[in-house]
Amino acid sequence: MGKLTNFKRSLWVFHASGGSCNGCDIEIIAALTPRYDAERFGIKLVGSPRHADVLLVTGAIPRDFADKLKRIYEQMPDPKAVIVVGNCGTSGGLFYDSYNLVGPIDEIIPVDVYVPGCPPRPEAIIDAVVKAWLKLEKLEKELEGKKE
Amino acid sequence: MTPETIFYAVAFPILGIFLGLTYKGIDRRISARMTSRIGPPIRQPFWDVGKLLLKETVVPENAVKWLFNAMPILAFASSMTLLLYIPFGVLRAPLEGYGDLIVILYLLTLQSLAMAVGGFASGSPFSSVGAQREMVLMMSYEMPLATVIVGFALLYKSFSLTTIASTPVWTMVSPVAGIGVLLLFVALLVVTPAELAKLPFDIAEAETEIAEGMLAEYSGRNLALFYLSDAVRGFAMAALEVVLFIPFTFSYVFGVSLSGTTLYIVEGLWFLFKVLIIYIAAVTVVRTSFGRFRIEQASRIFWVHVNLIALLGLALVWLGV
């Protein structure tokens with residue numbers, strides 16, 4: 001099945017920033033800079049969730065943003081994976097138990113990979129995207145199994 | 001329908017897709033090297049298309065479904081047809097005699113038009129904004145593009161691309177007309193990134209401000225078709241410029257006489273090399289060096305500056321003839 005390896009080589013990422021302090025976002029951009037150059041693995045940031053394979057979410061999610069995040073997730077075509085970058089998204093981080101937040105992101109949409117850190121290093125983010133490949137390939141296999 | 005026609009009909013799309021995607025890969029690689037990155041492998045666009053074909057194809061709820069699904073096919077078909085009109089070096093164009101520069105002008109427009117209609121049909125505000133910008137941009141760059149083609153018609157007294165390809169333009173012009181042709185070349189080089197929707201004129205697909213614009217709602221197979229048509233059109237546009245402005249053959253430049261299969265192989269590679277040079281000069285270097293213009297800036301650039309250059313070129317060609 002040569003087809004399935006396509007995700008391993010071409011992965012388009014959509015970046016949704018919730019109530020982020022911009023720290024994690026800067027680290028995501030750092031992954032695209034000459035030092036780390038994620039594009040050499042075929043990883044690319046895209047501007048529309050419709051083009052994306054992976055949703056990258058940063059920051060704790062405020063009440064207003066929860067339904068929007070859900071809509072972004074639903075707009076992505078299958079197969080898809082979600083990565084949460086930063087402590088705020090994984091657990092609430094600094095803002096743990098705040099009355100303004102709807103809790104960790106995995107209570108809103110299914111999350112596949114967590115990247116803890118405040119902010120995490122770009123290597124960790126690239127590693128997380130690599131882990132998301134595995135999920136996408138598994139999903140694609142399941143989809144093909146259903147068709148047959 | 002001769003066997004030759006059927007062979008062309010099958011071989012050319014495959015060759016076109018292969019070359020288009022390869023040139024796109026080279027373009028991405030060189031662009032990365034220019035910004036001191038390593039860049040993706042040359043085969044990256046092939047993997048991108050392969051992946052897009054695996055993805056689900058979503059049709060938005062408030063889209064006009066048949067238009068939304070038809071436009072990627074129309075865009076793909078028009079850029080494929082465009083390729084059939086362009087003579088490959090010494091190889092003659094498969095559809096030679098069935099159309100000329102005017103048809104090429106229409107086919108180039110049709111692809112952008114298909115994207116704009118697809119954008120309007122998506123029913124998304126981002127796509128509508130993108131489509132409107134594309135229409136404005138098209139109205140701006142069509143005038144210089146048409147001027148270039150009129151200039152060539154004036155020189156050759158013919159719109160046929162075969163006539164133009166058979167005699168290099170530089171050998172049949174007076175010095176005055178030569179300057180005119182040079183100005184037309186400059187105008188066409190500036191039009192190229194706009195025609196191909198590349199930076200600094202990718203205003204209609206600005207991914208950071210209007211979420212990829214016209215393509216915002218496209219996914220899966222439809223997006224793959226747009227991706228392919230974009231790649232093929234990039235190659236075809238550069239090839240068109242080579243046919244018009246640098247038609248010198250390998251044997252003409254280096255003074256070697258070749259024959260048989262060697263001739264076709266060497267001239268074919270030489271043609272691809274020339275196309276690559278034009279592609280890098282007009283697309284890669286420009287898109288890496290510049291930021292995106294605003295739509296009214298782009299309009300002014302085409303209506304005032306590029307138009308002025310093109311019309312001056314046309315006037316000189318007219319004087320020279």
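Predicted model: local features only at pLDDT ≥ 70, side-chain atom pairs only at ≥ 80, totals over all residues.
Figure 1. Five helices and five strands make up the secondary structure of chain A. Starting at the N terminus, these elements follow the order α-β-α-β-β-α-β-α-β-α. Of contacts in chain A between residues at least 6 apart in sequence, 81% link residues at least 24 apart.

**Figure 2. Dimensions and burial of chain A****.** Chain A has a radius of gyration of 15 Å, which agrees with the value near 15 Å for a compact globule with 148 residues. Along the principal axes, its C-alpha atoms fill a box of roughly 50 × 35 × 25 Å. Buried residues account for 40% of the 148 residues in chain A.

**Figure 3. Helices of chain B****.** Chain B contains 12 helices and zero strands. For a compact globule with 321 residues the radius of gyration would be near 20 Å, and the 20 Å of chain B agrees. The box filled by the C-alpha atoms of chain B, taken along the principal axes, is roughly 60 × 45 × 45 Å. Of the 321 residues in this chain, 48% are buried. Among contacts in chain B between residues at least 6 apart in sequence, 81% join residues at least 24 apart.

**Figure 4. Helix H11 of chain B and its bend****.** Helix H11 of chain B covers residues 260-289, 30 residues in total. From its first C-alpha to its last it reaches 43 Å, close to the 44 Å expected at 1.5 Å a residue. At B:Ile280, H11(B) bends by about 40°.

**Figure 5. Buried residues of H11(B) and their cover****.** The buried residues of this helix are B:Phe271, B:Lys274, B:Val275, B:Leu276, B:Ile278, B:Tyr279, B:Ala282, B:Val283 and B:Thr284. An α-helix has 3.6 residues a turn, so residues three or four places apart point the same way. Helix H1 (3-34), helix H7 (175-195) and H9 of chain B are among what covers the buried residues of H11(B).

**Figure 6. Contact between chain A and chain B****.** Chain B gives 27 residues to the contact and chain A gives 18 residues. On the side of chain B that touches chain A, the elements giving two or more residues are helix H2 (44-54), helix H8 (207-210) and helix H9 (220-245) of chain B. H2(B) supplies the largest share of that side, six residues. Sorted by class, the side of chain B that touches chain A holds 11 nonpolar, eight polar and eight charged residues.

Key
Residues numbered from 1 in each chain as written. Chains lettered and ligands numbered in written order. Contact = placed C-beta atoms within 7 Å. Helix = DSSP H or I, 4+ residues; strand = E, 2+ residues; numbered from the N terminus. Nonpolar A, V, L, I, M, F, W, Y, C, P; charged D, E, K, R; others polar. Expected span 1.5 Å × (residues − 1). Bend = angle between axes of the 7 residues up to and from the residue. Buried ≥ 20, exposed ≤ 12 C-beta atoms within 10 Å, placed from the backbone. Rg over C-alpha atoms; globule rule 2.2 N^0.38 Å.
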